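Points are grouped by topic.

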Amino acid sequence: MNIAYWIVAGLLATFYVYAGTLKVIRSRDQLRPMMSWVDRMPLPALRALGTVEILGATGLILPPLTGIALPLALAAASGFVLLQAGAIAVHLTGEDRRIAFNVGLITTAAVTIWLATRL
């Protein structure tokens, strides 16, 4: 289970560090081709979302790596489930109805939660 956790959590953390970093450092114009919803969100909220994604990715990796505060990994994975539920709502209320990737991320985070309970 430990190896499975590291594979799934590592992939999830890699994605969120990448996506979060883009949201923190790129302009709205640079993000628009990848994320059509960015115009419906204030820029400070977009930057905060990117920061939360980076912190969540850190929460998936550091606690199991150090053996300190292991429940934080469970909390981070749970936070990603909630984050993607919100992302699905944003997509469905706008013109962009593509949510398959978000459903995949929710599933991956849910598997990470299950694996984190076995650490």
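Helix α1 has 24 residues, and its first and last C-alpha atoms lie 33 Å apart, close to the 34 Å expected at 1.5 Å a residue. The model is predicted.

**Helix α1**

- The buried residues of α1 are Y5, V8, A9, L12, A13, Y16, A19, G20, L22 and K23.
- The cover over these buried residues of α1 includes α2 (28-31), α3, α4 and α5.
- L11 also belongs to helix α1.
- L11 counts as exposed because its relative accessibility is 59%, and the cut-off for exposed is over 50%.
- L11 and T108 are 97 residues apart along the chain, and their C-alpha atoms are separated by 9.0 Å.

**Largest nonpolar core**

- The largest nonpolar core has 24 residues, of which Y5, L12, Y16, L60 and F80 touch the most other members.
- At least two residues of this core come from each of α1 (2-25), α3 (43-66), α4 (71-93) and α5 (100-116).
- The helix that gives the most to this core is α1, with seven residues.
- Beyond its neighbours within four places in sequence, L12 is in contact with L60, F80, L105, T108, A109 and T112.
- As general background, nonpolar side chains in soluble globular proteins tend to be buried together.

**Helix α4**

- The 23 residues of α4 should span 33 Å at 1.5 Å a residue, and this agrees with the 33 Å between its end C-alpha atoms.
- Within α4, the residues A73, A76, A77, F80, L83, Q84, A87, I88 and H91 are buried.
- Packing of the buried residues of α4 is against α1, α3 and α5.
- F80, one of the buried residues of α4, is also among the core residues that touch the most other members.

**Largest pocket**

- The space in the largest pocket amounts to about 560 Å³.
- Its lining consists of 24 residues, and K23, M35, W37, H91 and N102 lie nearest the centre of the pocket.
- Of these, K23 is a buried residue of α1, and H91 is a buried residue of α4.
- Each of α1, α3, α4 and α5 supplies at least two residues of the lining of the largest pocket.
- By residue class, the lining of the largest pocket comprises 15 nonpolar, five polar and four charged residues.

Terms used: Residues numbered from 1 in each chain as written. Predicted model: local features only at pLDDT ≥ 70, side-chain atom pairs only at ≥ 80, totals over all residues. Heavy atoms only, no water. Core = buried A, V, L, I, M, F, W, Y, C linked by side-chain atoms within 4.5 Å. Buried < 20%, exposed > 50% of the residue type's maximum accessible area, 1.4 Å probe, protein only. Helix = DSSP H or I, 4+ residues; strand = E, 2+ residues; numbered from the N terminus. Contact = heavy atoms within 4.5 Å. Expected span 1.5 Å × (residues − 1). 1 Å grid on protein atoms, 1.4 Å probe; cavity = no way out; pocket = protein on both sides within 12 Å on 5 of 7 lines; lining within 4 Å. Points joined across faces, edges and corners; volume = space filled by probe spheres on them. Nonpolar A, V, L, I, M, F, W, Y, C, P; charged D, E, K, R; others polar.
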